Amino acid sequence: MRRRRVSIVRVIAPILIIWVLSPTALLAQAPPAPPVEGAVGAELEATPVSLLVGRSTVIDTGAPIARVSLTSADIADALVTSPNQLLLNGKMPGTISMFVWQRGGALRRYEVAVQRDLARLQGQLKELFPSQAIEAHSNGRQIVLSGTVPDKDIVARVVDVAAGYVERREDVVTLLALPPAQPARSNQVLLRVRFAEVSRSALTELGVSFFTGPTGIRNTLGRITTQQFPSTQFQEMEWSKSSSDFGAPVDSASGKFTFSDFLNFFVLSEKYDLGLLLRALQTRGLFQSLAEPNLVAESGKEASFLAGGEFPIPIAQGSGANIGISVQFKEFGVRLTFTPTVIGERVHLKVRPEVSVLDFNNAVVFSGFRIPALTTRRTETELELNNGQTFAIAGLLNNSMTQTLAKVPGIGDIPILGYLFRSKAARKDQTELVVMITPQILEQGSFGVTNQLPRLQEPYMPRLQENESLPTPPAPFTGTGK
């Protein structure tokens, strides 16, 4: 018995010494522990859990919970509400794994899939596009749209609606299909435009001027005028006296006067050396301008033209003594910008006509340069028309009225007699612009040749015979559309 105890002590002593010196080495030599059941996640049977963004669900584990771990807290989070229950909240689309350790040592794995709630989006698409079969699907963080729509315009609108349900517009994936294009459909539009401008003007002028002859009346010269209209001008006036005394009689007198405008009524009495100039004028005018440009554009592309010119505008650059003058040009005239889009037998038209003319009455003088102003009339609209249908833009009126009154102070205010010492001018201008536009879808294979081209056999402006007038021009557009 003693020998056995000694041998046991001899065996245990070296082990204790090794453990004291290097306990890690001793543990490494220990045999591996048996694997715990369900320790590796890949060997566990996963329980699928489906959840919507912003929604919650309760999971009953069936045993007391020790701890919970999720692979990403940004997609979903878990809250232990009771020893056996978990409250799972969906935060954003995605798929994660959730591990639940029970107090008894068991381990359970859940595959949590969080998706978007597309029921509201699907209902909104059916309400906004009732005639289109559009489906919305969730693909992780993205929304996938599928179905068939008639044109690209509806595709863009559907994507705009779905973009409100995602963080970025790029998260919307569209698989919407368009119907096959018809081979006979044309995508070019001919725009026929007619600009008609009518200008009416009325002018009324009334003025009186009195004057004496160049030698005067009893050696006295005189003239009465309001300076609104030109009167006489006295020149080379000479006279002589018998003495230099004040009030001495005049022996001889000579001179002449000139007229820049005899006005309407001129009277001069050589016997009494008294003259009268009267201006009474009434004018009415009518001016009509017509432009008829045609332009072809591709569907969905913008086209424009300008029939006019450019005028220079000096612009000062620099400061102090280093000032330079550069010139820029400003366009004016008849301009039209339009964008046609062919939709079946209709044309969606975005049009912007503009007419501008130079206005020297409101010009600005800058460093010796006279810069005219621009009188501009423009409009912009969007509408849909049938093929060959005409619409008109009218009512672009420009009315101006100017009235001037000049009179001799005092005597011009006398009733009845004061009219002889007054000058009055009134001017009224009225301009109306009418724009008529007709879009026409060009057929495939059309040659674009018209019989309205000028011919050399016809003179450009034939001379009319006496008592001959031109026939009334035909209607600008013909059709049954109302």
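A crossing counts as left-handed if the near helix is turned anticlockwise from the far one by less than a right angle, and as right-handed if clockwise. The model shown is predicted, so local features need pLDDT of at least 70 and side-chain atom pairs pLDDT 80 or more, while totals for chains, interfaces and linings use all residues. Numbering starts from 1 along each chain as its sequence is written, and side-chain values use heavy atoms, with hydrogens and water left out.

**View 1. Helix H3 meets helix H4.** H3 (residues 119-128) passes H4 (residues 152-162) in a right-handed crossing; helices here are DSSP runs of H or I, at least four residues. Their axes, lines fitted to C-alpha atoms over the stretch in contact, come within 11 Å and cross at roughly 145°, on a scale from 0 to 180 degrees between N-to-C directions. Leu121, Gln124, Leu125 and Leu128 of H3 touch Val158, Val161 and Ala162 of H4 (heavy atoms within 4.5 Å). That makes six nonpolar residues, one polar and no charged.

**View 2. The open four-stranded sheet.** The strands (E runs of at least two residues) line up as E1-E7-E6-E3, with mixed pairing; to pair, two strands need at least two DSSP bridges. E1 (46-52) and E3 (65-70) are the edge strands. E1 runs parallel to E7 (residues 107-115) over seven bridges, and Thr47 sits opposite Tyr110 in E7.

**View 3. Around Ser72.** Ser72 is in the loop between E3 and E4 (76-82). Met98 is 26 residues from Ser72 in sequence, yet their C-alpha atoms are 9.0 Å apart.

Key: Nonpolar A, V, L, I, M, F, W, Y, C, P; charged D, E, K, R; others polar.
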